[in-house]
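Here is a short briefing on one protein model.

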Amino acid sequence: MQVHLNPPLEPGNAPRRAAAIVAAAADISGAELDYSPESIAVVEDIVDGFRAEGVTDADMAESLVGFGCYVGEILTRHVGGSWRHARSSRVVTVPVVVELPDTRECHPIDWVVCRLRFGTAFSIRVLYAAADTPRRSPGGQSRG
């Protein structure tokens with residue numbers, strides 16, 4: 001599923017989309033999203049609720065992108081990543097990603113979409129933990 005947003009998602013407006021979903025989640029369900037890594041569990045619960053209601057990623061595209069931007073903001077704030085256009089061709093949802101200091105690309109929007117599609121078998125928290133772990137070189141040295 002490719003999402004075409006109006007206005008299009010750009011690296012510079014991802015933080016605003018994250019802030020908008022924080023406000024919407026608080027208004028709609030009283031969810032508290034504080035940009036902590038622990039709050040990813042709240043995002044998973046919200047997306048699991050969408051799944052339980054039988055909605056599709058197309059039905060919830062704008063919200064899923066917002067929650068993906070929120071997870072991406074957690075990466076930027078706690079792991080030191082930055083928003084940019086994707087280099088890889090494996091983008092599923094939107095071509096905006098978070099690049100980590102060690103140059104790994106994270107696709108937090110795709111992570112959220114996959115959580116809706118595959119349920120608890122797909123863990124955003126596990127992916128975040130992997131992103132927060134420095135990559136090791138073949139000689140065992142940390143990179144990044």
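With five residues, α1 gives the most to the lining of the largest pocket. The model is predicted: local features need pLDDT of at least 70, side-chain atom pairs count only at pLDDT 80 or more, and totals for chains, interfaces and linings use all residues. Residues are numbered from 1 along each chain as its sequence is written, and side-chain values use heavy atoms, with hydrogens and water left out.

**Largest pocket**

- The elements giving two or more residues to the lining are α1, α2 and α3. Helices (H or I, at least four residues) and strands (E, at least two) are DSSP runs, numbered from the N terminus.
- The lining consists of Ile21, Ala24, Ala25, Ile28, Ser29, Ile46, Phe50, Met60, Ser63 and Phe67.
- A pocket is found on a 1 Å grid over the protein atoms alone, as an open set of points where a 1.4 Å probe fits, with protein on both sides within 12 Å along at least five of seven lines; lining residues have an atom within 4 Å of a point.
- The pocket's volume is about 210 Å³. That volume is the space filled by probe spheres set on the points, which are joined across faces, edges and corners.
- By class, eight lining residues are nonpolar, two are polar and none is charged. Ala, Val, Leu, Ile, Met, Phe, Trp, Tyr, Cys and Pro count as nonpolar, Asp, Glu, Lys and Arg as charged, and the others, Gly among them, as polar.

**Largest nonpolar core**

- This core has 41 residues, of which Leu9, Val43, Phe67, Tyr70 and Leu75 touch the most other members. Such a core is a set of buried Ala, Val, Leu, Ile, Met, Phe, Trp, Tyr and Cys residues joined through side-chain atoms within 4.5 Å.
- α3 supplies the largest share of the core, nine residues.
- Phe67 touches Ile21, Ala25, Leu33, Val43, Ile46, Phe50 and Val112, leaving aside residues up to four places away in sequence. Contact means heavy atoms within 4.5 Å.

**Arg115**

- Arg115 sits in helix α4 (residues 108-118).
- Arg115 is buried, at 4% relative accessible area. Buried means under 20% (1.4 Å probe, protein chains only).
- The Arg115 side chain makes a polar contact of 2.7 Å with the side chain of Asp48. A polar contact is a pair of N or O atoms within 3.5 Å; within protein, one must be able to donate a hydrogen and the other to accept it, and residues adjacent in sequence count only if both atoms are side-chain atoms.

**Asp102**

- Asp102 lies in the loop between β2 and β3 (105-106).
- Asp102 is buried, at 9% relative accessible area.
- The side chains of Asp102 and Arg104 are joined by a polar contact of 2.8 Å.

Note on methods
Buried means under 20% relative accessible area, exposed over 50%, partly exposed in between (1.4 Å probe, protein chains only).
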